[in-house]
Amino acid sequence: MKTIRIFLILAILFSGCTRDKSPKPDFTFAFLTDIHITPDRNAPEGFQQAIDTVNALKPDFVLTGGDLIMDALGQTRGRADSLYQLYLEMAKGFQVPVYNTVGNHELFAFYTHNIDTTDVDYGDRMYRRYIGDPWYSFDHKGWHFISLKSIEQTPTRRYQGEINPEQLEWLKQDLAAVDSLTPIIVTVHIPLITVYDQWKHGGTYTNSPVSVITNGKEVMDLLRTRNIRLILQGHQHYLEDLVVDGVHVITGGAVSAGWWQGPLGTLKEGFVMVKIFGQEIDWEYIEYRKE
Ligand SMILES: [Fe+2]
């Protein structure tokens, strides 16, 4: 009897040790948001450090969260072109596939009033020319990934957080082809859900239309019909992990931290490494910047 008891204790200890020591994820990926690449501010040197750090960690792939370039909203075509080209050139340094998400700063000429809305590059047309579809999905090792465009133009040529009707229809169709057990990860630039403003201004503060997706409920109602596990978002240059009904909602800091002018408050230059274990996720913010 005594022998059996000792064996049981050892078995429990041993199983605990193996689980805690070095659990091997099913796969990992790096989520890099708010890169804001620009030729100045030592940004290329910083982004290269991020790329090298990602490559050393050997994730399955990179997923970006938008604001890939410093800005196209209020720049000349030549400047916006050169930033897209710089981003694409540097992103070739990733040794794994890169899946992009569009941010507000990728949208061309919203603020440039001498460029007409019918221009060949206006809005997300420049993004489509350089990067590809602003919304799409893909599958990886049994998980379904959805990247959405979370920015629309206002009547005064500003932007607000919104998922447009065409995308909502697409999302319905996309989710219809995913069974209810398949775990889903969604990426948006402007957050679906965040307490950023309440954290700063208090619990009764109302989110502004530029800081969250204004029709987020319609999106969440669709996502909740399936096995949504994780929402990855950017925009705020702020790090947050909300867990609601077991769903992680992570606002992933910023590769550029304070737009390449050092940390933003307590936020340092970094990215999120996501580790997948079965249907669960774990994550870590990797501060990659070397002095
Ligand atoms: Fe940004």
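Arg77 is partly exposed in this predicted model, because its relative accessibility is 30%, between the 20% and 50% limits. Its side chain meets that of Asp119 in a salt bridge, with N and O 2.8 Å apart. Asp119 has a relative accessibility of 17%, so it counts as buried.

This pair is part of something wider. Arg77, Asp81, Asp119, Asp121 and Arg129 are linked in a network of salt bridges. Asp121 is buried, with a relative accessible area of 3%. Arg129 is partly exposed, at 45%. Side chains of opposite charge can pair when their charged atoms come close.

The salt bridges come to 14 by the rule used here. Another of them joins Asp60 and Lys141, whose closest N and O atoms are 2.8 Å apart. Asp60 lies in the loop between H2 and strand E2 (61-64), and Lys141 in the loop between E4 and E5, so the bridge ties together parts 81 residues apart in sequence. Asp60 is partly exposed, with a relative accessible area of 24%. Lys141 counts as exposed, at 56%.

Now turn to helix H2 (residues 43-57), where Val54 is found. Val54 has 0% relative accessibility, so it counts as buried. What does Val54 contact, leaving aside its neighbours within four places in sequence? The partners are Ala30, Leu32, Pro59, Val62, Phe94 and Phe271. Val54 and Asp282 are 228 residues apart in sequence, yet their C-alpha atoms are 17 Å apart in space.

Helix H5 (residues 165-176) comes next. Its 12 residues should span 16 Å at 1.5 Å a residue, and its end C-alpha atoms are 17 Å apart, which agrees. The buried residues of H5 are Gln167, Leu168, Leu171, Asp174 and Leu175. Seen down the helix axis, these buried residues fall within an arc of 125°, so they line one face of H5. Which elements cover them? The cover includes strands E4 (136-140), E5 (143-147) and E8 (183-187), along with helix H7 (216-223). The face turned away from the buried side carries the exposed residues Pro165, Glu166, Gln173 and Ala176.

How values were computed
Residues are numbered from 1 along each chain as its sequence is written. This is a predicted model: local features need pLDDT of at least 70, side-chain atom pairs count only at pLDDT 80 or more; totals for chains, interfaces and linings use all residues. Side-chain values use heavy atoms; hydrogens and water are left out. Helices (H or I, at least four residues) and strands (E, at least two) are DSSP runs, numbered from the N terminus. The expected span of a helix is 1.5 Å times one less than its number of residues. Buried means under 20% relative accessible area, exposed over 50%, partly exposed in between (1.4 Å probe, protein chains only). The arc is that of the directions from the helix axis to the C-beta atoms. Contact means heavy atoms within 4.5 Å. A salt bridge is a side-chain nitrogen of Lys or Arg within 4 Å of a carboxyl oxygen of Asp or Glu.
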